[in-house]
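Please look over the sequence and the structure first.

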Amino acid sequence: LLDGLIGGVVGAGMTTALNQILEKHGGVQGVVSEFERNGFGPTVQSWVGKGPNQTISSDGINRVLGNDLLQQLAAKTGLSVQDLTQKLAQVLPDAVDKLTPDGVVPK
């Protein structure tokens, strides 16, 4: 799904990581819910909505996704966890934004 939307922009490794995050959380709805549960509701809603995307720190990514998942993704992408969280902080807002083009989270 993401390959066509952002694959060319973020590269194969990050596309793999984003697909794994979506798969683990049951899709965009699950990812959005996870960010909301961890105190990033307004941030993730800005990614879904039609306005500008709020930023998130690599620490925020770490808090929401957890060290276990990040370790697995780092191993798959060949990045350190720190580099991975920094890259996810850059690309995840755009990925969620592109997967919710009408400002609505798909069911």
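Helices (H or I, at least four residues) and strands (E, at least two) are DSSP runs, numbered from the N terminus. The model is predicted: local features need pLDDT of at least 70, side-chain atom pairs count only at pLDDT 80 or more, and totals for chains, interfaces and linings use all residues. Residues are numbered from 1 along each chain as its sequence is written, and side-chain values use heavy atoms, with hydrogens and water left out.

**Overall fold**

The protein chain has 7 helices and 0 strands. From the N terminus, its elements run α-α-α-α-α-α-α. Of its 107 residues, 43% are buried (under 20% relative accessible area; exposed is over 50%, partly exposed in between, with a 1.4 Å probe and protein chains only). The accessible surface is about 5,600 Å², and carbon and sulfur atoms hold 48% of that. Such areas come from the Shrake-Rupley method with a 1.4 Å probe. Contact means heavy atoms within 4.5 Å. Among contacts between residues at least 6 apart in sequence, 59% join residues at least 24 apart.

**Helix pairs**

Two packed helices are described by the angle between their axes and the distance between the axes. Axes are lines fitted to C-alpha atoms, for helices over the stretch in contact, and angles run from 0 to 180 degrees between N-to-C directions.

| Pair | Angle | Axis distance |
|---|---|---|
| H3 (residues 28–37) and H4 (residues 41–48) | about 150° | 7 Å |
| H5 (residues 58–65) and H6 | about 110° | 6 Å |
| H6 (residues 67–77) and H7 (residues 81–99) | about 95° | 9 Å |

Angles under 35 degrees count as roughly parallel, over 145 as roughly antiparallel, 65 to 115 as roughly perpendicular and the rest as oblique.

With H3 and H4 at about 150°, H3 is roughly antiparallel to H4. On the H3 side, Val32, Phe35 and Glu36 make the contact; on the H4 side, Gly41, Val44, Gln45, Trp47 and Val48 do. These residues divide into 5 nonpolar, 2 polar and 1 charged. Here Ala, Val, Leu, Ile, Met, Phe, Trp, Tyr, Cys and Pro count as nonpolar, Asp, Glu, Lys and Arg as charged, and the others, Gly among them, as polar.

H4 is mostly covered, with 6 of its 8 residues buried. They are Gly41, Thr43, Val44, Ser46, Trp47 and Val48. Their cover includes H3 and H7.

H5 and H6 meet at about 110°, so H5 is roughly perpendicular to H6. Ile61, Asn62 and Leu65 of H5 face Asn67, Leu69 and Leu70 of H6 in this contact. By class, there are 4 nonpolar, 2 polar and no charged residues.

H6 and H7 are likewise roughly perpendicular to each other. H6 brings Asn67, Leu70, Gln71, Leu73, Ala74 and Thr77; H7 brings Val81, Leu84, Thr85 and Leu88. The contact of H6 with H7 holds 6 nonpolar, 4 polar and no charged residues.

**Two threonines**

Where is Thr85, buried or exposed? Thr85 is buried, at a relative accessible area of 5%. This residue sits in helix H7. Not counting residues up to four places away in sequence, Thr85 touches Ser58, Ile61, Asn62 and Leu70.

Thr77 lies in helix H6. With residues up to four places away in sequence left out, Thr77 touches Gly13, Ala17 and Leu84. A polar atom of the Thr77 side chain is 3.4 Å from the backbone nitrogen of Leu79.

Definitions and conventions: Polar contact = N/O pair within 3.5 Å; in protein donor to acceptor, adjacent residues only side chain to side chain.
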